[in-house]
Structure formats: C-alpha cells, structure tokens
Amino acid sequence: TSLTRDRSTMEAHSLNSGKSFLPAEITDTIIDHLYDDRSSLQACAMVCHSWLHASRYHLFWEFGIAQRRSAEYRNVLKFLSTTPKVATHIRSLKLSHHHVSSSDLDVIFTALPKLRALALSDLDVGVDSNVACDTPRFRGLEELRITSCNINFEFPLLFKFLGLFASIYRLELYVEIRVLNMDPSTHVLPPPQLALTHLVTFHI
C-alpha cells in the first residue's frame, strides 16, 4: 500500500509539474509508435509539457494549405511565420487551389527551416519579375511534386521556377495529356545551377 501511495504521489507530482515520471527515451518511443494516429497524438500532447515536443513532431510533420480565399491563405502564412513551435516541425507541405508566387515561397521557406518536401496541386504559380533565377534562393528541398499547375504546361515558366532552387533530389511532374505551351522556335534550357537527381513524369 505504501508503494501504491508513493506511486500515486509521483504521478500527481508529475502532472502538476508538467513533467513525465518516465524516462524521455521511453515516452518518445511510445509516441513514435503513434505517428499515424492523430487523435492519440493530440491526447499525448495534452498530458504534460515533456510529451509535447515528440507529439508535435508527428502531428505537424505534414501540413496542407488548401484555402481558396486570399485572406484565409494569408492568415495561414502569417500563422506559420509567427508560430515557430509549430512551423519548425513541418517537413512536408502541400499547397493547392490558390496562387503562389516566389515571394510567398520566401515566406514559406523562412518560416519552415526543416521543409524537405513540397507538393503543388491545381495552383497558378508565378515568379516575380524582379527575381533573378540564376541565383538559387531556396536550399535543402529534397522532393518537389507539381500536379496540374500552370507551370506543368509552360516550360519557360517551369524552368524559371526551378531556378529558384539550389537542388532537388526528386522532381515529379504530373501532366494532363494535352499540348504543351511551348514555342518550338525558342531555345528553353533548364537552369544550369540546379542539381537534380531523379526526374519522374506522369500523364494523368
């Protein structure tokens, strides 16, 4: 009974102090096994402060922005810029159903220093006219996926957009079967400074 009282006292002290009475290696391993169970991860994040980091690591690994309204889209970008405790956990970002510019990417890559995968879907992608694409602005990206965006069909704009990146380990282009918007009389070349390891294309 004394052992039970001692254990209850430890647990109560743990909850009141915001610390787990279990070693961090054990709790982190348990939380790691819940990586795809969002409801359990959310519950773990509410247990105590020492469980919060491991829970957020999995909760915010992948993040999506699909707001069609400009105001909502800007609010999400502002949230990422002003909430580093969330933003620093994001490794994979999906953008869809909006317009994204190179200045938007400046905000995104500044706010998400650990971003490794970027997926663009059903977007109007633009590169600001004052941006020099012979000098890469974004580094560290491993995977870029582009699906049904305007740059899928406009090679000059696509190559200008790719020129923003120093390196991409894997580039995936999902293209609808239709005529590409490319003038055969123009010589369009990919950015020479881009280090690209894998290129995958699909017709959808």
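I started at Leu 22, which is partly exposed at 35% relative accessibility. For the cut-offs, I took buried as under 20% relative accessible area, exposed as over 50%, and partly exposed as in between, with a 1.4 Å probe and protein chains only. Leu 22 sits in the loop between helix H1 (2-17) and helix H2 (24-32). I then looked at its partners. Leu 22, Ile 26 and Ile 30 make a nonpolar surface patch with about 240 Å² of accessible area together. A patch takes residues with over 30% relative accessible area and no salt bridge; like charges are joined within 9 Å, and nonpolar side chains (Val, Leu, Ile, Met, Phe, Trp, Tyr) within 5 Å.

**Ground rules**

This is a predicted model, where local features need pLDDT of at least 70, side-chain atom pairs count only at pLDDT 80 or more, and totals for chains, interfaces and linings use all residues. Residues are numbered from 1 along each chain as its sequence is written, and side-chain values use heavy atoms, with hydrogens and water left out.

**Overall counts**

I noted eight helices and eight strands. Both are DSSP runs numbered from the N terminus: helices are H or I with at least four residues, strands are E with at least two. Of the 204 residues in the protein, 40% are buried. The accessible surface comes to about 12200 Å², and carbon and sulfur atoms hold 56% of it. Those areas come from the Shrake-Rupley method with a 1.4 Å probe; for residues, only the protein chains shown count as cover. Next I checked contacts, meaning heavy atoms within 4.5 Å. Among contacts with a separation of 6 or more, 78% are between residues 24 or more positions apart.

**Cores**

I looked up nonpolar cores: sets of buried Ala, Val, Leu, Ile, Met, Phe, Trp, Tyr and Cys residues joined through side-chain atoms within 4.5 Å. The largest has 39 residues, and Leu 120, Leu 144, Ile 146, Phe 161 and Phe 165 touch the most other members. Elements that each supply at least two residues of this core include strand S1 (62-65), helix H5 (70-82), helix H7 (102-111) and strand S4 (117-121). Helix H8 gives the most, with five residues. Another core lies apart from it, with seven residues, among them Ile 31, Cys 44, Trp 51 and Ala 54. I then traced Phe 165. Beyond its neighbours within four places in sequence, Phe 165 is in contact with Phe 109, Pro 136, Phe 138, Leu 141, Leu 144 and Leu 194.

**Salt bridges**

My rule was a side-chain nitrogen of Lys or Arg within 4 Å of a carboxyl oxygen of Asp or Glu. I count five by this rule.

- Glu 62 and Lys 94 meet at 3.7 Å, N to O. Glu 62 is in strand S1 and Lys 94 in strand S2, so the pair ties together parts 32 residues apart in sequence. Glu 62 is partly exposed at 47%, and Lys 94 is partly exposed at 42%.
- Asp 104 and Arg 74 meet at 2.5 Å, N to O. Asp 104 lies in helix H7 and Arg 74 in helix H5, so this pair links parts 30 residues apart in sequence. Asp 104 is buried at 3%, whereas Arg 74 is partly exposed at 41%.
- Arg 145 and Glu 172 have their closest N and O atoms 2.8 Å apart. Arg 145 is in strand S6 and Glu 172 in strand S7, so the pair ties together parts 27 residues apart in sequence. Arg 145 is partly exposed at 33%, but Glu 172 is buried at 4%. Arg 145, Arg 170 and Glu 172 are linked in a network of salt bridges.

**Arg 91**

Where is Arg 91? I found it in the loop between helix H6 (84-87) and strand S2 (92-96). Arg 91 is buried, at 16% relative accessible area. Its C-alpha atom is separated by 4.2 Å from that of Leu 115, 24 residues apart along the chain. Not counting residues up to four places away in sequence, Arg 91 touches Tyr 57, Phe 60, Trp 61, Lys 114, Leu 115, Arg 116 and Ala 117. Its side chain reaches the backbone oxygen of His 89 at 3.2 Å.

**Positive phi**

Most residues other than glycine have a negative phi. I logged two exceptions. Asp 122 has a positive phi of about 50° and lies in the loop between S4 and strand S5 (124-126). Asp 122 is partly exposed at 39%. Ser 148 also has a positive phi of about 50°. Ser 148 is in the loop between S6 and H8 and is buried at 17%.

Definitions and conventions:
A polar contact is a pair of N or O atoms within 3.5 Å; within protein, one must be able to donate a hydrogen and the other to accept it, and residues adjacent in sequence count only if both atoms are side-chain atoms.
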